[in-house]
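Please read them with the model open.

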Amino acid sequence: MNEPPTSTPGHSLDPQSEQEWTEFRSQAHLMLDDMINDLAALRDGPVWRPLPDERRSAFRAAQVPSGAGSLEAWRRSFREDVLPYATGNRHPGFMGWVHGGGTPVGMAADMLAAGLNANLGGRDHAPVEVERMVIRWAATLMGLPEDASGLLVTGSSMANFIAVIVASRAAPGGLSLRTAGLQSRRLVGYAGKTVHGCVSRAFDMAGLGSEALRLVDVDQEFRMDVAALRRMIEADRAAGLEPFLVVGTAGSVDTGAIDPLDGIAGVAKGEGLWFHVDGAFGATAVLSETIRPRLVGLERADSVAFDFHKWAQAPYDAGCVLVRDPERHATAFAQSLSYLSREDRGLAAGAPWFCDLGPDLSRGFRALKVWATLSVYGTRRLGEMVDRCCAVARRLGQLVEAEPMLELMAPISLNIVCFRVCARECDDVENDILNGEIVKDLQESGIAAPSTTVINGRKVIRAAIVNHRTEYADVERLVDAVLACASSRSGGA
Ligand SMILES: *Cc1c(COP(=O)(O)O)cnc(C)c1O
């Protein structure tokens, strides 16, 4: 038994006596049990429940507490006011947007990270080495060189932003953007029309302007048209613009389409442009033996953005950016500040620091939950899980095609299924409304939680199978519930 430390009562926020430590310990163990019990019984509850008005009002009216409260009372508030009304993405019936399901292992690891309270902005300590290891593993998995640079960030939005910054600094004369700004330069980049919205926002935030992201036509399977890309670059150069970047998407957010990465890499190389891949969820499919061949070209990327918190199931948040050339990554962000000076030994050794590679100085220990996830599950099992998600998506596709009232609205490239109820008595616009209402009905029913998107101008029901817990039975339940909602809405029930 470890004896808890004793200290004289003072400013410390730690428990102040052996008895207080014992009380804390028992509350903390109960909290852990609360979450484990909740995870073990996920399937028994609804996917999502709306937060009741009175609880929402209580949050909005609550004042900053000035006096001390008990941990036990706070734990009760969490259990009653938060736990039942969360996003629902842990539940097997959650299919909305692209959310990871999380794992018990990731949860436990995140608690350890909070206990350590390490700051991974820099300095010389084991947590920084763990992040370096995770980055080296990530680079190896994506087919980049072992010595590629990178860091863990909040998510792919930040990872894509960092990549756009690095790519613009790597353009001819790009380093002067750091001090002089864009001046009159007209740098432009390219991505398929189905690119995630965070990439155009990255252009906006980087000061390049969102219009500097030129959108390239896609084919019928929603993949970038490489010939159109080539034509656009040529026309832009002729018009005096300065192309610097091409973004390929590995797993588009609407349909899961994978751009022809190898063809895009060829164009980028030929034109002397930076090749970045947004593989937020889709790049995780490199873990699958069967899907990996479809990601060929990913290994030619100059930078890659992806998330451990989506298909790799690490708890939020855990995005990752990788940059093939460590020098280019470092020169895009490095600063010299005297209070952050680096030493040859002691705690201030170990340069380069992660704060040299992105906008954040203070950074948490995201790497711990990623390390735990990869160590405990292993890449083979995670790859099989990715395959199973795709099989569940294909099963949903079969069910949709077997129902006369349902129509598949996009090819199933990966793990996303876009379909739509077509009520015969309705026109297209009425069907758009109907499908939107059905999705809200489903979410409120607690049975399943898909989301919507627009495909070829039509509103569709979109089911993204990202959760390792989702099985055939869950998509069967989804289809039954869609049909039931449709029939009650069209007055059939
Ligand atoms: C989710 C997603 C993003 C944004 O990632 P976050 O982790 O949510 O910031 C970017 N691109 C694609 C294709 C995505 O699916």
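1. Pro352 sits in the loop between H11 and helix H12 (366–402). The model is a predicted one, and in it the peptide bond from Ala351 to Pro352 is cis, with omega near 0 degrees.

2. Another cis peptide bond to check is the one joining Tyr316 and Asp317, where omega is about -10 degrees. Asp317 belongs to the loop between strand S6 (303–307) and S7. As background, most peptide bonds are trans.

3. Two backbone angles also deserve a look. Trp97, a residue other than glycine, has a positive phi, near 45 degrees. Trp97 is found in the loop between helix H3 (71–82) and helix H4 (104–116). Its relative accessible area is 46%, so Trp97 is partly exposed.

4. Gln183 likewise has a positive phi, near 50 degrees, and is not a glycine. The loop that holds Gln183 runs between helix H7 (177–180) and strand S2 (187–192). Is Gln183 buried or exposed? Gln183 counts as exposed because its relative accessibility is 64%, and the cut-off for exposed is over 50%. For both angles the background is that most residues other than glycine have a negative phi.

5. With a relative accessibility of 30%, Asp325 counts as partly exposed.

Conventions:
Residues are numbered from 1 along each chain as its sequence is written. This is a predicted model: local features need pLDDT of at least 70, side-chain atom pairs count only at pLDDT 80 or more; totals for chains, interfaces and linings use all residues. Side-chain values use heavy atoms; hydrogens and water are left out. Buried means under 20% relative accessible area, exposed over 50%, partly exposed in between (1.4 Å probe, protein chains only). Helices (H or I, at least four residues) and strands (E, at least two) are DSSP runs, numbered from the N terminus.
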